[in-house]
Amino acid sequence: MNSINFRMKQKMNEVFSVEQNELGIGFITNYFKKITSYLKTAPFIFVIPLAISISLFLYIIFGRLLVKLVTILQYGY
Amino acid sequence: MATDLITSFVLIVRYLILLIFSPYKTMRKISMEKDYYQPAIIIGIIFIYFKFIYYLRDKLYPATLVYILFIINFLLTVAFFYLLSKLFAKNKKEIRFSSFIFTFVYSLFPTLIWFLSTSILYIFLPPPRTFSLMGKGFSIFFIAYSLSLLIWKFILVYLAVRFSSKQNFFRIIFMIIFYLIWFIPYSIFLYQLKLFRIPFI
């Protein structure tokens, strides 16, 4: 029982190690919490489609420049 | 010692997988870590990476020199965020330098993965990219892949600062902008010296 209490206390300390984020305006804080909740667990579910969409969009806008950028980036390691 | 190292290595792999699936909870746990073998092993893996790319690059500078410069960059970054957090913090005692070290070392994983994969791709698919269908397709894939890792990196850096400095969103964004103000010209300077093309941070 003591060990469960200890673990519980430890977990609570961990969870409350930082204060909640308050952005000043109620509805903005709510939106912020909603958006960040998607990024806290399995962010790649949202990140991968977002990255693919952005790169397709960049290709449509910049065309060949994107191919040249990749060449530069490939030399960038 | 050997058992400790193996245990730490297993923990690193576990944390790495968890950073992909639940970065928030994992970074919070990492910020409370006290096992110094973990950052030492990660920094060691990065040293192996620098030795590996030495054979691919123009060999202008020895790998150890570039690696020492990376360590200096890393320490400058950590010290910058630590000192700024100390300045902002109400309770200065809860700000620990070790917490910054642990979280920032783990936030190097997206960088390491990108640099390692790009250098391996350099061997199998050397640039320049062509304007053929395959070249364009690969370019779109490579940008998407790089962007995903960049977003992951940004999430990890934000969480690293959040759990180490215990500051709110606006202050963290302010700290990151303040950091970029000196780090971007510094990176250009390193680029001109041909030490880093893209800063390893």
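Predicted model: local features only at pLDDT ≥ 70, side-chain atom pairs only at ≥ 80, totals over all residues.
Local features need pLDDT of at least 70 and side-chain atom pairs count only at pLDDT 80 or more, while totals for chains, interfaces and linings use all residues. Residues are numbered from 1 along each chain as its sequence is written, and chains are lettered from A and ligands numbered from 1 in the order in which they are written.

**View 1. Chain B is built from eight helices and zero strands.** Helices here are DSSP runs of H or I with at least four residues, strands are E runs of at least two, and both are numbered from the N terminus. The C-alpha trace of chain B spans about 55 × 45 × 35 Å along its principal axes. With eight helices, chain B has a radius of gyration of 18 Å, close to the 17 Å that the globule rule gives for 201 residues, so it is as compact as a globular protein of that length. (That radius is taken over C-alpha atoms, and the rule is 2.2 Å times the number of residues to the power 0.38.)

**View 2. Here's the largest nonpolar core, with 41 residues.** Such a core is a set of buried Ala, Val, Leu, Ile, Met, Phe, Trp, Tyr and Cys residues joined through C-beta atoms within 7 Å; buried means that 20 or more other C-beta atoms lie within 10 Å of a residue's own, with C-beta atoms placed from the backbone. B:Val105, B:Tyr106, B:Leu156 and B:Ala160 touch the most other members. H7(B) gives the most to this core, at 12 residues.

**View 3. Zoom in on B:Val105 and you'll find B:Pro39, B:Ile42 and B:Ile43 in contact with it, leaving aside neighbours within four places in sequence.** Being in contact means that the C-beta atoms of two residues, placed from the backbone, lie within 7 Å.

**View 4. Chain A has four helices and zero strands.** Its radius of gyration is 21 Å, well over the 11 Å that the globule rule gives for 77 residues, so chain A is more spread out than a compact globule. Its domain assignment (automatic or from a database) gives domain 1 (1–40) and domain 2 (42–77), whose C-alpha centres lie 33 Å apart.

**View 5. This is where the chains meet: 37 residues of chain B are in contact with 32 residues of chain A.** Helices H1 (2–21), H2 (23–30), H6 (109–124) and H7 (133–165) of chain B each supply at least two residues of the side that touches chain A. The largest share of that side, 15 residues, comes from H7(B).

How values were computed:
Buried ≥ 20, exposed ≤ 12 C-beta atoms within 10 Å, placed from the backbone.
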